[in-house]
Amino acid sequence: MQGVAVLGSTGSIGASTLSVLARHRDRFRLVALTAGSNAALLAEQIGTWEPAFAALVCDAGPECLLQAATRPDVDIVVNAVVGFAGLEATLAALRAGKRVALANKESLVVAGELVRRAAREGGGELVPVDSEHSAVLQCLAGRDTPMRRLILTASGGPFRDWPAERVLSASVPDALRHPTWRMGNKITVDSATLANKALEVIEAHHLYGLDFDRIEVVVHPQSIVHAFVEFCDGSVLSQLGFPSMELPILYALTHPERVRDPGIRPFDPVSAGPLTFESIRRDVFRAFDLGVGAGVAGGTAPAVFNAANEVAVEAFLAGRIPFGRIPEIIEITLAEHEPEPVEALSVVQSADSWARKQAMMEAAV
Ligand code: NAD
Ligand code: MG
């Protein structure tokens with residue numbers, strides 16, 4: 001039996017994780033739960049699972065994430081917190097030698113080097129939950145040939161085929177109407193701006209040690225093919241499945257093993273197809289190039305990109321700025337930043353706070 005902690009249990013990934021765990025009670029024991037909000041749902045989860053540890057961040061403070069992540073009876077930490085707030089728990093869990101099933105991609109984006117160092121030093125293991133990165137891991141598992149090129153797929157979001165002008169003034173309900181995935185609000189807006197795909201390119205860079213010029217993105221509106229992995233002879237492998245996070249969550253828990261799961265919808269090529277692929281409209285979805293550019297610049301630039309994006313998305317969701325201002329705020333904040341090398345957590349934290357202040361001022365204009 002492996003002990004599991006779920007950080008962010010009341011969110012979309014958190015709830016999907018509990019659904020997966022409910023079907024695998026013979027292998028996993030849920031020992032810790034934390035949530036940022038939604039006390040009622042957390043109470044219900046505590047009633048169902050009777051975990052040894054449970055905490056609501058607004059009552060217990062952010063330290064409860066670290067407590068849950070480093071408990072001796074925890075083997076796997078599912079980090080399903082959204083945003084920068086998930087970083088310290090990722091670091092602490094890896095330093096404590098845990099497997100981190102990482103949904104919180106922001107951890108790796110803002111502090112990729114520190115996260116990798118924490119894993120090396122503490123003997124922890126990082127396994128992606130993000131469907132594209134899980135697909136890559138599944139294509140690579142059991143092979144010792146390195147990949148030559150990686151192509152991540154992107155649904156393109158709800159505005160994939162909208163005229164550029166209309167995208168600029170898209171409403172909050174429009175942005176939250178994702179065509180293929182049901183997710184938390186922040187990542188749903190990131191999927192509409194394509195900032196999410198930039199975060200994923202940086203995530204892939206750190207997970208798989210690939211230079212940025214070997215990571216490409218293609219728009220695939222059906223979200224059936226999750227990634228393409230190309231090897232040196234030109235051969236390409238993919239992982240396919242109907243869009244559901246339960247499979248990548250399950251795989252992050254059991255990797256490199258596979259287990260039966262009757263809850264996963266059987267694949268059917270006829271109802272999945274036809275499958276189409278197209279290029280990203282980079283001029284319309286400018287957050288994508290801004291994010292990848294920050295990844296290439298390195299150091300504190302990705303943390304600044306991430307913080308400015310978090311602030312801009314929050315302002316958009318609150319109705320304070322139009323959709324089209326999200327990339328503008330990111331661009332202005334990045335332009336004012338001189339990236340520094342990330343040698344310690346404090347450097348990332350100051351870059352994050354600085355960028356939040358700048359972006360908030362910009363959002364108030
Ligand atoms: P969500 O908003 O539905 O859930 C977030 C969870 O984190 C909630 O339990 C919330 O209470 C908690 N939380 C929020 N702020 C917190 C804070 N400051 N401190 C502690 N806990 C806090 O988000 P989600 O869609 O489940 O996404 C979670 C993470 O997984 C994100 O990083 C996202 O990018 C990633 N992800 C999600 C999906 C998906 O399908 N939802 C797919 C791939 C990756
Ligand atoms: Mg993804």
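Which residue forms a salt bridge with R27? The partner is E257, with the closest N and O atoms 3.5 Å apart; a salt bridge here is a side-chain nitrogen of Lys or Arg within 4 Å of a carboxyl oxygen of Asp or Glu. This is a predicted model, in which local features need pLDDT of at least 70 and side-chain atom pairs count only at pLDDT 80 or more, while totals for chains, interfaces and linings use all residues. Residues are numbered from 1 along each chain as its sequence is written, chains are lettered from A and ligands numbered from 1 in the order in which they are written, and side-chain values use heavy atoms, with hydrogens and water left out.

**Salt bridges**
- The whole structure holds 23 salt bridges.
- Helices (H or I, at least four residues) and strands (E, at least two) are DSSP runs, numbered from the N terminus.
- R27 is partly exposed at 25% relative accessible area, and E257 is partly exposed at 44% (buried means under 20%, exposed over 50%, partly exposed in between, with a 1.4 Å probe and protein chains only).
- R325 and E328 form a salt bridge with closest N and O atoms 3.1 Å apart; they are separated by about one helical turn because they lie 3 residues apart in helix α17 (residues 325-335).
- R325 is buried, at 15% relative accessible area, whereas E328 is partly exposed at 34%.
- A network of salt bridges links K105, D130, E132, K197 and E200.

**Ligand 1**
- Around ligand 1 there are 24 residues, of which T10, I13, G36, E106 and G184 come nearest (a residue is near if one of its heavy atoms lies within 4 Å).
- Oxygen atoms of ligand 1 lie 2.8 Å from a polar backbone atom of G36 and 2.8 Å from one of G184.
- The protein buries 85% of the 830 Å² that ligand 1 exposes when taken alone (Shrake-Rupley method, 1.4 Å probe).
- Elements giving two or more residues to the shell around ligand 1 are α1 (12-22) and α6 (105-110).

**Surface patch**
- L240, F267, L275 and F277 form a nonpolar surface patch with about 320 Å² of accessible area together (patch residues have over 30% relative accessible area and no salt bridge; like charges are joined within 9 Å, nonpolar side chains (Val, Leu, Ile, Met, Phe, Trp, Tyr) within 5 Å).
- L275 lies in the loop between α14 (269-272) and α15 (286-297) and is partly exposed at 33% relative accessibility.

Conventions: A polar contact is a pair of N or O atoms within 3.5 Å; within protein, one must be able to donate a hydrogen and the other to accept it, and residues adjacent in sequence count only if both atoms are side-chain atoms.
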